[in-house]
Amino acid sequence: MKILLIGTGRMGQLIKEVAAEAGDTIVASYDANNIDALASANHDADVVIDFSSPAALTHVVDYVRRTGTALLSGTTGFTPQDKATLEDLRDVAPILWSANYSLGIAVLAKALRLVTGALRPDFDIEVTETHHNRKVDAPSGTAKLLVDALDPKHDLTPVYGREGQCGARTPNEIGIHALRGGTVAGTHTVHYFGPDEELEFTHRATSRRIFVNGAHKAARALYQRAPGLYTLDDILFS
């Protein structure tokens with residue numbers, strides 16, 4: 001597989017390592033220092049893998065629209081408009097965006113869809129996420145992914161932390177809380193609080209490599225698909 005890499009930070013470096021181990025080729029890589037050059041580039045690549053920042057989105061979208069190259073994006077911090085811009089590429093290339101490429105998170109999201117329907121409205125739901133002290137966005141993209149999985153119609157009102165005389169918890173809210181410190185790769189817990197019982201689902205990442213392994217596996221399947229908008233479930237479980 002021939003990869004055009006966008007983003008040369010920690011995730012980008014891990015993608016290079018995993019690709020080399022698998023015998024794949026990084027045909028070129030771009031970051032904030034040279035992203036403008038993508039406008040005139042035309043690489044022989046099977047897939048664009050983007051783990052950069054929302055600032056690179058316009059450049060990446062223009063490249064994919066011009067070349068029809070498959071795009072796998074793991075960039076977080078996108079606005080709803082940014083995501084709509086990605087989705088507009090579905091007619092020209094296979095497109096996949098996920099906030100988290102861990103197989104464990106993918107399975108957890110599927111489980112939450114099942115469990116929440118059985119427990120609501122009798123159980124209150126809270127989500128906590130913990131990441132290293134260099135993470136710049138909160139709540140994490142993975143926390144948002146899990147909330148979307150358990151509340152796909154957005155019936156619940158998100159509450160980001162509580163302070164002071166905030167009043168009693170309402171039945172239709174969901175608390176979302178971010179902790180930051182140290183070198184934590186990522187821990188996400190979904191708490192279900194019911195009458196006289198509690199249920200928790202926790203996923204712990206001990207290395208960012210799990211995200212890269214999942215992304216690499218998904219990229220191998222994605223570039224062979226027809227143009228369209230895909231989910232991680234489509235790629236991993238179909």
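This is a predicted model: local features need pLDDT of at least 70, side-chain atom pairs count only at pLDDT 80 or more; totals for chains, interfaces and linings use all residues.
At roughly what angle do the axes of helix α1 and helix α6 cross? They cross at roughly 55°.

**Where two helices meet**

- Helix α1 covers residues 10-22 and helix α6 covers residues 209-222, and their axes come within 9 Å.
- Because angles of 65 to 115 degrees count as roughly perpendicular and those under 35 as roughly parallel, the crossing at roughly 55° makes α1 oblique to α6.
- The crossing of α1 and α6 is also right-handed.
- On the α1 side, the contact is made by M11, L14, I15, E17, V18, A19, E21 and A22.
- On the α6 side, look for R209, F211, V212, N213, H216 and R220.
- Sorted by class, this contact has 8 nonpolar, 2 polar and 4 charged residues.

**Around H191**

- You can find H191 in strand β9, which spans residues 186-194.
- Is H191 buried or exposed? Its relative accessibility is 13%, and the cut-off for buried is under 20%, so H191 counts as buried.
- The side chain of H191 is joined to that of T128 by a polar contact of 3.2 Å.
- Another polar contact, of 3.1 Å, joins the side chains of H191 and E200.
- Leaving aside residues up to four places away in sequence, H191 touches D124, I125, E126, T128, L199 and E200.

Terms used:
Residues are numbered from 1 along each chain as its sequence is written. Side-chain values use heavy atoms; hydrogens and water are left out. Axes are lines fitted to C-alpha atoms, for helices over the stretch in contact, and angles run from 0 to 180 degrees between N-to-C directions. Helices (H or I, at least four residues) and strands (E, at least two) are DSSP runs, numbered from the N terminus. Angles under 35 degrees count as roughly parallel, over 145 as roughly antiparallel, 65 to 115 as roughly perpendicular and the rest as oblique. A crossing is left-handed if the near helix is turned anticlockwise from the far one by less than a right angle, and right-handed if clockwise. Contact means heavy atoms within 4.5 Å. Ala, Val, Leu, Ile, Met, Phe, Trp, Tyr, Cys and Pro count as nonpolar, Asp, Glu, Lys and Arg as charged, and the others, Gly among them, as polar. Buried means under 20% relative accessible area, exposed over 50%, partly exposed in between (1.4 Å probe, protein chains only). A polar contact is a pair of N or O atoms within 3.5 Å; within protein, one must be able to donate a hydrogen and the other to accept it, and residues adjacent in sequence count only if both atoms are side-chain atoms.
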